[in-house]
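Subject: Structure for your review

Dear colleague,

Please find below the structure that I am handing over to you. My findings follow it, and I would ask you to read them with the model open.

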Amino acid sequence: MRNTEEMHGWTVKMSTPSVLAVVTVFSMIPGGVLSDMRGSQGLETQQLAQGSSHLHRRLRRGWIWKQLFVPEEDPTPRVIGQLKSDSDRGEYSIKYVLSGEGAGDAFEIDEYSGEIRTLKKLDREEKAFYVLQAQAINRRSNEPEEPQSEFIIKVQDINDNVPQFQNEPYVSSIPEMCPTGTTVAQVTATDADDPMFGNNAKLIYSILQGEPYFSVEPKTGIIVTSWPNMDREAREQYLVVVQVKDMLGLSGGYSSSTTVTVSLTDVNDNGPTFQHHLYTFVVPENAPMGTTVGRIMAEDGDVGINAKMTYSLEDDLEESSTFFIQTDPVTQEGVILLAKPLDYESKRRFVMAAEAVNDHVDTRFLALEEFSDRTTLKIVVEDVDEPPVFLSPLYEWKVPENAAVGTVVGSVSARDTDTVNSPIRYAIDKRSDATKAFKIDPNNGTITVAKALDRETSDWHNVTVEAKETTQNHLSSSVVVFIKVLDINDNVPRLARDYQPYICEGTQAGELIQLLSAVDPDDPVEGHHFYFSMVPEKHINPNFTIRDNQDNTAGIVARRSTFTRKDRTHYLLPVVVADSGSPALSSTSTLTISVCSCQPAGHCPSGGVEALALSMGLSMQTLLGILVCLVTLTADLLS
């Protein structure tokens with residue numbers, strides 16, 4: 001075994017397509033890398049490290065040799081370098097062994113000469129370098145002559161990749177009228193070649209399409225505007241084609257291109273403009289309120305919110321408030337609507353000014369007054385043959401119920417508002433006057449009583465009167481006449497019901513026997529007021545009297561006591577009822593007052609039947625027997 005102070009090393013010959021260089025790496029230099037010694041036809045230098053007095057001991061691991069280089073994409077197997085131990089005397093006693101990445105697949109070593117050669121074409125973009133280990137073995141002893149050493153074979157780049165744009169497609173937008181130099185977008189390309197070797201991956205950007213409106217910064221790919229005041233209304237979209245080249249744009253390099261779609265967004269740089277100074281519309285006079293008279297449109301080259309506008313009408317030159325205008329939110333048109341009824345005969349033409357104003361203004365681009373425009377509207381009213389018009393929308397009259405036939409109730413009047421002013425004839429709709437209580441003069445519209453009226457039968461008459469033109473289209477219209485029949489005092493008052501009063505035996509003088517009230521079909525304005533009294537006689541009735549309560553009621557009161565059935569079973573009492581009409585009317589009713597044997601509470605159990613039987617000269621038992629026989633006979637007949 002050699003002394004540790006001896007200097008042992010490797011000789012590495014590196015081959016390039018034109019030059020063969022020999023490098024000696026000494027085992028005493030841990031981690032050292034020697035520079036290339038380039039000469040002709042395999043010059044060897046093995047004494048480069050002599051005189052290095054700072055080396056003290058030999059290390060057997062961790063050697064890093066000078067990198068070897070092999071060009072990528074070279075399909076021809078070739079020697080790229082040679083390893084040679086300083087123990088190799090040319091007797092082939094040394095065996096060289098190669099291991100590590102690509103050994104036996106991409107690279108091989110001649111075990112006798114130490115020459116390293118490629119076996120196949122290599123791709124740097126697939127693998128940029130290979131780490132291998134070399135060992136020199138003594139063939140006789142099969143022992144290592146040198147410790148295993150590690151070195152790198154680097155695949156040398158060639159320009160074999162086309163630059164590629166990232167993040168496509170590119171779409172950008174900028175506001176119209178933006179200043180020169182406004183950033184539009186940045187395009188970015190990458191190149192798979194080695195950026196550290198030559199110019200293979202050095203990229204340069206340029207514009208192929210889009211000048212003079214846009215330019216690109218060659219190194220960064222930033223696209224900016226280069227044309228001032230680009231107008232969206234003239235052109236809304238641009239297609240900018242950007243090219244990227246490697247090799248700093250020199251000939252022989254690769255290139256690719258991408259398209260950037262640039263859209264101009266709208267700003268409010270246009271005001272509304274009417275295309276005509278005068279708009280004329282025609283509307284029939286019978287058009288209902290809310291009718292669309294017409295539409296006007298102020299053109300605005302902008303879009304979206306910048307094109308929104310509001311229309312308004314100034315007071316027309318002849319009359320105001322007949323029309324109004326509103327903005328259609330979809331079409332941005334001004335819709336003219338009818339606000340009041342029209343009448344051709346009173347006004348045939350309207351002239352007014354309309355104005356359109358942008359809702360959102362931007363004085364950076366236009367003066368404030370340029371965001372509005374005005375035009376003139378002329379609206380012509382068209383004549384329509386209209387039916388007659390009554391002077392009143394309805395009529396309401398009053399007539400007393402005792403009005404004589406032929407009495408005038410009132411008159412209706414209608415006229416033809418058209419310019420021809422056709423004569424009018426009147427008629428009563430028969431369906432509204434089924435009783436034919438009234439008639440109308442067809443020429444002047446006077447309504448009279450046709451038959452006797454009775455308020456108590458019908459107190460209101462709703463009569464429909466029709467007015468019809470006698471010429472042209474015979475148009476007609478109708479009106480309702482409300483006729484109220486006024487009351488007169490033509491009905492006598494009567495007792496409210498068929499009273500059957502009775503008086504109990506033992507009733508004392510002054511006691512109330514029956515409360516009376518009255519009714520009257522008439523309906524005086526001041527309300528009813530009835531008066532109750534007895535028929536005047538020569539002598540005062542000794543048995544009963546009538547007491548008027550002054551509230552439209554009266555009471556029958558006993559004048560004496562000790563009424564008995566044996567003495568007398570019933571009494572007749574005439575009662576006079578008078579009203580307060582003018583003239584006053586009255587009626588007389590005779591009441592039969594029966595004498596009854598009442599229960600302690602004053603109730604007559606037989607309801608006056610017993611008194612009736614006594615008045616007929618029969619006993620109560622006899623009357624009941626007769627009733628039983630009648631019931632039995634009825635039952636037999638029904639069976």
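Asn142 counts as exposed, because its relative accessibility is 58% and the cut-off for that term is over 50%. Please bear in mind that this is a predicted model. Asn142 is located in the loop between β9 (129-138) and β10 (149-156). Although Asn142 is not a glycine, its phi is positive, at about 60°. Lys436 is not a glycine either, and has a positive phi of about 55°. The place of Lys436 is the loop between β33 (424-428) and β34 (438-440). With a relative accessible area of 61%, Lys436 is exposed. Why are these angles worth a note? Most residues other than glycine have a negative phi.

The next topic is the peptide bonds. Most peptide bonds are trans. The bond that joins Glu168 and Pro169, however, is cis, with omega at about 0°. Pro169 belongs to the loop between β11 (164-165) and β12 (170-175). A cis peptide bond also leads from Glu211 to Pro212, and there omega is near 5°. Pro212 is found in the loop between β15 (204-209) and β16 (214-216).

I turn now to a sheet. Four strands form it; the sheet is open, the order is β38-β40-β43-β42, and the pairing is antiparallel. The strands β38 (494-495) and β42 (544-548) are at the edges, and each has a single partner strand, so one side of each has no neighbour in the sheet. How many bridges connect β40 and β43? Strand β40 (residues 512-519) and strand β43 (residues 553-558) pair over five bridges, in the antiparallel sense.

Ile593 deserves a separate look. This residue is part of strand β45 (residues 586-596). Is Ile593 buried or exposed? Its relative accessibility is 0%, so Ile593 counts as buried. Leaving aside residues up to four places away in sequence, Ile593 touches several others, including Pro501, Tyr502, Ile503, Phe544 and Ile556. Thr569, His570, Tyr571 and Leu573 are also among the residues that Ile593 touches. Thr569 is 24 residues from Ile593 in sequence, and their C-alpha atoms are 8.6 Å apart in space.

The last topic is the cysteines. The count of disulfides comes to two. One of them is formed by Cys504 and Cys598, with the sulfur atoms 1.8 Å apart. This pair links distant parts of the chain, 94 residues apart: Cys504 is in strand β39 (residues 502-504), and Cys598 is in the loop between β45 and α1 (609-615). The torsion about the S-S bond of Cys504 and Cys598 is about -85°, so this disulfide is left-handed. Cys504 is buried, since its relative accessible area is 15% and the limit for that term is under 20%.

A disulfide also joins Cys596 to Cys604, with an S to S distance of 1.8 Å. Here the torsion about the S-S bond of Cys596 and Cys604 is about 95°, so the disulfide is right-handed. Both Cys596 and Cys604 are buried. If the bonded cysteines of the protein chain are numbered in sequence order, the pairing reads 1-3, 2-4. A further cysteine, Cys178, counts as buried at 6% relative accessibility.

Yours sincerely,
A colleague

How values were computed: Residues numbered from 1 in each chain as written. Predicted model: local features only at pLDDT ≥ 70, side-chain atom pairs only at ≥ 80, totals over all residues. Heavy atoms only, no water. Pairing = 2+ DSSP bridges. Helix = DSSP H or I, 4+ residues; strand = E, 2+ residues; numbered from the N terminus. Buried < 20%, exposed > 50% of the residue type's maximum accessible area, 1.4 Å probe, protein only. Contact = heavy atoms within 4.5 Å. Disulfide = S-S within 2.5 Å.
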